[in-house]
Amino acid sequence: MKTALGPIKKEQLILCSADASPDSQRKHPYSAADFFPNGKWVGALRNSAHTLGCKFVILTTGHGLVEPDDTISPYDVPIESYPDKVRALWESTIPRVLEKHKNSLMIFYSGGCPRDPYIEIAMPILRSLGISLLSFGRPMMFDVNKIEQCSRMLFRGTTLDEISSILRLPERLEFYFNI
């Protein structure tokens, strides 16, 4: 994994959290940044994006890709049960939200959600926008505390090997180049 990454500018980094189940959602409409009080990974990425000064978004199955200030309401749309509905929603929202981020890199953290179906649906859309994707961690917040360190490594330039060396679960590191 000697693939070189970066250096990238803060404006080119997108921190993206997966959403959380209905049990982790508020029971009434609320701003997306604070809509998942029991989805601790969402808050962790939000806080890291604020600290780093980079873009933060949330990939939801019920509202598509949303920005922190968007107001969203409760939903229950499991990606495994509604892949076509989720794909159609993401095909309309991901380009709208990320249209100005060509040649960017997204760090995607899925938290308690199944990562593979999210990536399978999102990656073709991201590729069409010229956005690469880096993902690591697994449910139970493994390596979520490495988001800021990984981001700083990307700002100065790094390799997948170097990122892998700081992770508790290096086998979960995945990189999808935008071509």
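# Reading the predicted model: pairs, helices and strands

User: What separates Arg87 and Asp84 in helix H2?

Analyst: About one helical turn, since Arg87 and Asp84 are three residues apart in helix H2 (residues 83–98). The model is a predicted one.

User: What makes the contact between the side chains of Arg87 and Asp84 a salt bridge?

Analyst: The N to O distance between the side chains of Arg87 and Asp84 is 3.4 Å. The cut-off is within 4 Å, between a side-chain nitrogen of Lys or Arg and a carboxyl oxygen of Asp or Glu, so the pair qualifies.

User: Is Arg87 buried, partly exposed or exposed, and what about Asp84?

Analyst: Arg87 has 29% relative accessibility, between the limits of 20% and 50%, and therefore counts as partly exposed. Asp84 has 60%, which is over 50%, so Asp84 counts as exposed.

User: Where is Ala88, and how is it classed?

Analyst: Ala88 is also placed in helix H2. Its relative accessibility is 45%, so it counts as partly exposed. The C-alpha atom of Ala88 is separated by 8.9 Å from that of Gly64, which is 24 residues apart from it along the chain.

User: How many salt bridges does a search of the whole structure find?

Analyst: Six. Among them is the pair of Glu174 and Arg115, whose side chains meet at 3.0 Å, N to O. That is within 4 Å, so the pair is called a salt bridge.

User: Which parts does the pair of Glu174 and Arg115 tie together?

Analyst: Glu174 lies in strand E10 and Arg115 in helix H3, so the parts tied together are 59 residues apart in sequence. Glu174 has a relative accessible area of 22% and is partly exposed, whereas Arg115, at 4%, is buried.

User: How do you know that Arg152 forms a salt bridge with Glu148?

Analyst: The closest N and O atoms of Arg152 and Glu148 are 3.5 Å apart, and the cut-off is 4 Å, so the pair passes. Arg152 and Glu148 both lie in helix H4, four residues apart, or about one turn of the helix. Arg152 is partly exposed at 44%, and Glu148 counts as partly exposed at 24%.

User: How do you know that the span of helix H1 agrees with what its 13 residues should give?

Analyst: At 1.5 Å a residue, helix H1 (residues 40–52) should span 18 Å. Its end C-alpha atoms are 18 Å apart, so the two values agree. Gly53, which follows H1, has a positive phi near 75 degrees.

User: What covers the buried residues of H1?

Analyst: The cover includes strand E2 (13–18), strand E4 (55–60), strand E7 (105–109) and helix H4 (147–156). The buried residues themselves are Trp41, Val42, Gly43, Leu45, Ser48, Ala49 and Leu52.

User: What makes both faces of strand E8 count as covered?

Analyst: On one side of E8 (residues 132–135), Ser132 and Leu134 are buried, and on the other, Leu133 and Ser135 are buried.

User: How many disulfides does the rule count?

Analyst: The count is zero. For Cys16, the nearest cysteine sulfur is that of Cys113, 11 Å away. A disulfide needs the two sulfur atoms within 2.5 Å, so Cys16 is in none. For Cys54, the nearest cysteine sulfur is that of Cys150, 11 Å away, and the conclusion is that Cys54 is in no disulfide.

User: Are Cys16 and Cys54 buried or exposed?

Analyst: Cys16 has a relative accessible area of 0% and is buried. Cys54 is at 11%, which is under 20%, so it counts as buried.

Conventions:
Residues numbered from 1 in each chain as written. Predicted model: local features only at pLDDT ≥ 70, side-chain atom pairs only at ≥ 80, totals over all residues. Heavy atoms only, no water. Buried < 20%, exposed > 50% of the residue type's maximum accessible area, 1.4 Å probe, protein only. Helix = DSSP H or I, 4+ residues; strand = E, 2+ residues; numbered from the N terminus. Expected span 1.5 Å × (residues − 1). Contact = heavy atoms within 4.5 Å.
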